[in-house]
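I opened this notebook to record what I looked up in one protein model. The entries run from the overall fold to the spaces inside it and the surface.

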Amino acid sequence: MKWTLIALALAFCFVFLLLPLANVFAQALAKGCAHTGNRWRSPNPGRAIRLTLLVAAISVPLNVLFGLAAAWAIAKFEFRGKPLLITLIDLPFSVSPVVAGLMFVVLFGLQGFFGPWLAAHHLKIIFAVPGIVLATVFVTFPFVARELIPVMRSDGTEQEEAALTLGANGWQTFWHVTLPSVKWGLIYGIILCNARAMGEFGAVSVVSGHIIGQTETMPLRVEALYQGATEASTAAAFAVASLLALLALVTLGIKTFLEWKQARAEKLIVGRVDSSGS
């Protein structure tokens, strides 16, 4: 039974994960690495790559700030509305990204609730970069908080209380006691948040308007190229998709390395405790 389950799991991973991924790279590199690199550097894909990195660079730090604050409040304090806050954090997991994008259109579009005021002040959110950032922040903000909440709960409040008793203020306690104890959970949350930010399609597709060279991220550019239905556009689509897949693999590799490093550090600590006890 054990080997049967292992074989089924490996077959599933090969057919649904490794084989499509290998096909993306094979199609992208069919005409050589130089040709693929030229596809990346062409004007429209280049702008899509830069916009994707810009959106991730804005949304990830915002989610880190929110995730730290929310996780600290939920794990360390008791207050009214705490279950509601936890529910709101989980909301993007249950709401379709397309619905989230439509929500921002209803709020900030020209015919939306804030649309006339924004138009009067010459502010554009929908079909512009701010709308893409808002949609990306919405779909990614649970990741950091959800990684930190269980870690902070398991650590308890004894270390913070001891630091406060010794004269540390709130900021010193957070910076020198709380943050070092949750650094691995924070790093995992940042990695997952960044991966989702770069690969988000549904919500960004609704609020972007698909303006070529202006509001197209990498996933949107891949779709536009693939729908071109020509050999050149299909090859370009696979080239951009390969870069997106490569970024995902790099993210996964960093996560795996950090997990290995953490496990090694824990083994060293256990070994020192055992040796000192003996």
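The entries below follow the order in which I looked things up.

**Basis.** I worked from a predicted model, in which local features need pLDDT of at least 70 and side-chain atom pairs count only at pLDDT 80 or more, while totals for chains, interfaces and linings use all residues. Residues are numbered from 1 along each chain as its sequence is written, and side-chain values use heavy atoms, with hydrogens and water left out.

**Confidence.** I looked up pLDDT, the predictor's confidence in each residue, from 0 to 100. The protein has a mean of 86, and 96% of its residues reach 70 or more. Confidence is lowest in helix α2 (residues 33–41), at a mean of 75, and highest in helix α7 (residues 129–140), at 93.

**Fold.** I took helices (H or I, at least four residues) and strands (E, at least two) as DSSP runs numbered from the N terminus. The protein has 14 helices and zero strands. Its C-alpha atoms fill a box of roughly 70 × 60 × 35 Å along the principal axes.

**Pocket.** I used a 1 Å grid over the protein atoms alone: a cavity is a set of points where a 1.4 Å probe fits but cannot get out, a pocket is an open set with protein on both sides within 12 Å along at least five of seven lines, and lining residues have an atom within 4 Å of a point. A volume is the space filled by probe spheres set on the points, which are joined across faces, edges and corners. The largest pocket has a volume of about 200 Å³. Two or more lining residues come from each of α11 and α14 (231–277), and α14 gives the most, with six residues. L21, I191 and K255 are among the lining residues.

**Cavity.** I found one cavity of 30 Å³ or more. The largest cavity has a volume of about 30 Å³, and its lining includes T52, I132, A197 and E200. Helices α3 (43–76), α7 and α11 (183–199) each supply at least two residues of that lining.

**Surface.** I noted a nonpolar patch of about 720 Å² made by F12, F14, V15, F16, L17, L18 and L19. Patch residues have over 30% relative accessible area and no salt bridge, with like charges joined within 9 Å and nonpolar side chains (Val, Leu, Ile, Met, Phe, Trp, Tyr) within 5 Å. Accessible areas come from the Shrake-Rupley method with a 1.4 Å probe, and for residues only the protein chains shown count as cover. A salt bridge is a side-chain nitrogen of Lys or Arg within 4 Å of a carboxyl oxygen of Asp or Glu. L17 lies in helix α1 (residues 2–28).
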